[in-house]
2 protein chains.
Amino acid sequence: MTKAVLGEKDLPRQWYNLNADFPTPLRPPLGPDGNPVSPDMLTPIFPMGLIEQEVSPQRWIDIPEGVLEILMKWRPTPLHRAYSLEKSLGTPARIYYKNEAVSPPGSHKPNTAVAQAWYNKQEGVKALTTETGAGQWGSALAFACAQIGLECKVFMVRISFDQKPYRKVMMKTWGADCIASPSSETNAGRAILEKMPDTPGSLGIAISEAVEAAVSDKSGSTKYALGSVLNHVMLHQTIIGLEAKKQLQAFNEKKVDVIIGCAGGGSNFAGLSFPFVADKINGAKIDIIPVEPASCPTLTKGPFVYDLGDSSGMTPLLAMYSLGHNFIPPPIHAGGLRYHGMAPMVSHAVHEGLMEPRSIHQLECYAAALTFARTEGIICAPETSHAIAAVIQEAEKAKEEGKEKVILFNMSGHGLLDLRGYEAYFNGELEDYELPQEVIEENLKELAAYPKP
Amino acid sequence: MTKAVLGEKDLPRQWYNLNADFPTPLRPPLGPDGNPVSPDMLTPIFPMGLIEQEVSPQRWIDIPEGVLEILMKWRPTPLHRAYSLEKSLGTPARIYYKNEAVSPPGSHKPNTAVAQAWYNKQEGVKALTTETGAGQWGSALAFACAQIGLECKVFMVRISFDQKPYRKVMMKTWGADCIASPSSETNAGRAILEKMPDTPGSLGIAISEAVEAAVSDKSGSTKYALGSVLNHVMLHQTIIGLEAKKQLQAFNEKKVDVIIGCAGGGSNFAGLSFPFVADKINGAKIDIIPVEPASCPTLTKGPFVYDLGDSSGMTPLLAMYSLGHNFIPPPIHAGGLRYHGMAPMVSHAVHEGLMEPRSIHQLECYAAALTFARTEGIICAPETSHAIAAVIQEAEKAKEEGKEKVILFNMSGHGLLDLRGYEAYFNGELEDYELPQEVIEENLKELAAYPKP
């Protein structure tokens with residue numbers, strides 16, 4: 001058997017909420033006054049259906065029928081055994097990957113985009129705004145809004161906007177507007193452009209612009225959608241890990257030894273891993289590895305602090321690993337991993353010792369992507385290449401140790417809109433960025449005034 | 001149920017050969033002397049395993065285990081019910097599509113690329129050459145050669161090479177070389193460049209170059225692979241229609257009324273339709289519609305003749321509908337449909353009255369592609385948009401007639417590498433090319449000297 005496919009009747013009917021099982025409670029987001037943010041303070045930007053999920057202590061949350069109907073267009077996604085990769089590495093490890101690239105926008109992102117669009121539609125919202133890094137999230141929200149019947153406006157980080165010109169065409173094909181961020185359309189964007197007219201932009205800046213664009217529609221019919229970081233986004237992605245568990249059974253695997261995903265904001269990684277984190281909390285021995293770029297080493301070099309989710313203070317303070325909200329990562333092609341912070345739930349799990357983060361430089365990641373393309377056949381997104389590089393490290397370790405480990409990773413997206421990055425790699429234009437410790441420390445100074453988690 | 005998925009055990013183990021069931025026999029290819037080409041004359045360019053399939057009268061031909069193992073990486077492909085499209089059209093028709101876009105290269109092409117690479121590898125071949133139009137075929141052969149372990153060189157029609165710069169990066173990611181055709185690497189290419197230095201190129205020219213590059217390796221370790229037109233290519237694609245038949249049963253459909261596919265060389269259309277043509281020969285009432293661009297109207301305006309498969313006489317004479325081997329189609333974005341001829345098996349079926357060809361202009365096709373993207377969610381290749389435009393015509397006809405027709409079409413590929421075409425459409429840069437009758441007649445003059453079918 002090369003891959004395990006499930007029928008639509010095997011699509012999970014509930015999302016899994018790790019917040020019900022954490023040994024210690026997640027720290028709440030804080031307002032500017034240092035007090036926890038109450039759910040009703042979020043109503044200008046999110047619909048109540050999502051706010052309830054954000055703070056829910058329930059372990060299982062029903063997936064609405066209207067969401068399932070759309071997810072079924074491509075879900076359940078296949079779980080593949082990577083026989084060709086294993087063979088080329090000569091490893092005794094059995095490697096599996098969940099293929100989220102088969103969704104129409106090409107990544108795991110529509111799992112939450114569809115849910116978010118649906119809850120907004122239920123509450124009478126007419127338009128959504130958002131930010132996007134590499135473009136996977138913006139494309140997914142554009143797709144979801146077309147499916148549900150909402151307008152959509154996407155602020156895309158300028159470096160990615162320039163590197164990936166066809167992402168905006170893709171979004172337009174689904175009826176959405178996509179503009180480069182920082183833009184002159186918002187106060188946040190104009191302020192940044194005045195200070196740094198040539199900035200490559202960042203997810204933090206783009207989030208500020210998208211939130212501002214939503215709240216400045218005083219009719220209340222425009223809301224904001226975030227593609228990662230928040231608890232409800234992690235929740236919606238758990239469908240990945242829940243399906244994978246069933247599919248590993250179809251391969252007769254009794255246990256998993258290593259779980260790997262790339263981590264920028266944390267959502268694809270959380271989606272695959274959280275259902276297994278529950279097992280780990282209950283005593284299972286699993287290495288759970290979020291992989292980040294060495295040039296944006298949030299989990300591996302950032303402190304666990306309270307920091308803003310965006311660059312200009314439109315969001316509450318979140319308890320997370322962070323490089324500081326003014327940190328602008330080097331312009332690597334894995335735009336989706338260029339985020340200064342990390343999802344509070346992923347951060348909490350790391351802080352609790354439930355995960356072992358790792359960072360890898362981009363040249364090793366592109367080499368891994370080529371190996372994967374020429375063995376398994378799939379051209380992965382530059383983000384996903386970080387997971388594959390770690391998988392290869394683990395498979396080689398299993399070979400050295402002579403252990404039959406079971407490794408599971410998330411093929412979070414394809415790279416068919418990211419071929420400029422591959423071209424730059426072939427042309428020798430890419431380099432590894434070593435991030436000086438003083439740059440990290442400089443950016444963290446501003447956080448001194450915030451409460452400590 | 002939104003889609004029918006099959007397990008790997010339901011993957012067909014045999015290809016279906018329509019040549020066993022045609023009411024009258026297919027006309028043979030002819031050599032320069034006007035006599036039928038014998039199988040051994042083809043050995044300089046093809047391996048014997050494929051030549052045997054080219055001339056086989058057997059109805060069912062076993063798919064080798066080594067081919068199945070690779071096809072299983074993405075097959076069986078899903079069959080979707082297009083509920084959202086039906087709803088938006090308000091049609092009583094039930095519309096189904098076979099989703100070949102889920103293959104790693106993004107189209108149906110690897111179905112034959114893998115088989116061709118496998119048979120070549122069995123006979124000791126080290127490298128394959130080929131041509132590509134839009135790039136779907138070149139990408140598929142690059143993918144297949146990486147899977148099987150062969151070198152690969154692709155001559156890409158210049159207009160597409162320029163319109164789709166990332167196709168060559170994709171092929172390189174799989175380890176293949178891709179160069180623009182006409183090139184200065186072959187006699188055929190140099191001769192054309194001298195006469196027409198600014199030519200957009202054509203599939204006919206690129207075929208000449210690829211064949212020349214293969215036969216000029218006197219060691220015999222380089223052979224040529226063709227992505228469409230030939231009988232063995234049609235054969236390999238029948239896996240599409242065979243799977244679709246099983247999947248329609250899963251939807252409880254007893255019969256199909258209309259089958260639609262876009263047709264350039266004919267392979268995706270043949271792959272879906274041939275197993276149903278057998279039913280039509282046996283009395284079933286089915287409209288089987290190959291759809292071509294109005295700017296390259298081979299089946300709808302070309303005569304049924306003997307003509308060359310390429311532009312400079314490297315191939316035998318084939319009995320087919322043709323616009324003349326020197327016809328260079330206007331530079332539409334559906335590069336895969338810019339072929340002067342049509343597969344002899346498809347041509348024969350049309351000539352026998354088993355099919356009802358139709359041509360559609362590109363603006364109508366792009367409008368159909370947008371409708372499809374915003375309803376079903378998938379961004380199709382410009383080639384595939386021709387099928388979708390015809391599906392919409394048929395669904396609207398069913399609405400007018402108030403008939404519950406069952407329409408099945410081939411979603412032959414996604415358009416994620418073709419977004420430049422969508423951009424041109426959004427920018428109002430595209431126009432419909434009316435092909436003057438005298439242009440057609442001028443190109444056909446050269447065929448007067450050839451035998452008549």
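Trainee: Are B:Lys164 and B:Asp418 buried or exposed?

Mentor: Both B:Lys164 and B:Asp418 are buried, a label given under 20% relative accessible area, whereas exposed means over 50% and partly exposed lies in between (1.4 Å probe, protein chains only). This is a predicted model, in which local features need pLDDT of at least 70 and side-chain atom pairs count only at pLDDT 80 or more, while totals for chains, interfaces and linings use all residues. Residues are numbered from 1 along each chain as its sequence is written, chains are lettered from A and ligands numbered from 1 in the order in which they are written, and side-chain values use heavy atoms, with hydrogens and water left out.

Trainee: What makes B:Lys164 and B:Asp418 a salt bridge?

Mentor: Their closest N and O atoms are 2.5 Å apart, and the definition asks for a side-chain nitrogen of Lys or Arg within 4 Å of a carboxyl oxygen of Asp or Glu, so the pair qualifies. B:Lys164 sits in the loop between helix 6 (158-163) and helix 7 of chain B, and B:Asp418 in the loop between strand 15 (406-411) and helix 17, so the pair ties together parts 254 residues apart in sequence; helices (H or I, at least four residues) and strands (E, at least two) are DSSP runs, numbered from the N terminus.

Trainee: Why is B:Lys9 called exposed?

Mentor: B:Lys9 has a relative accessibility of 69%, which is over the limit of 50%, so the label holds. Its salt-bridge partner B:Asp10, with N to O at 3.3 Å, is partly exposed at 23%.

Trainee: And why is B:Arg81 called buried?

Mentor: At 14%, B:Arg81 falls under 20%, so it counts as buried; B:Glu86, with which B:Arg81 forms a salt bridge at 2.7 Å, is likewise buried, at 7%.

Trainee: How do you know that the copies meet through the same surface?

Mentor: Of the interface residues of chain B, 100% are also interface residues in chain A, so the surface is the same on both copies. The contact (heavy atoms within 4.5 Å) takes 42 residues from chain B and 42 residues from chain A.

Trainee: By what turn and shift can chain B be laid on chain A?

Mentor: A turn of 180 degrees with a shift of 0.0 Å along the axis does so, at an RMSD of 0.0 Å.

Terms used:
Copies are superposed by least squares on the C-alpha atoms of residues with pLDDT of at least 70 in both.
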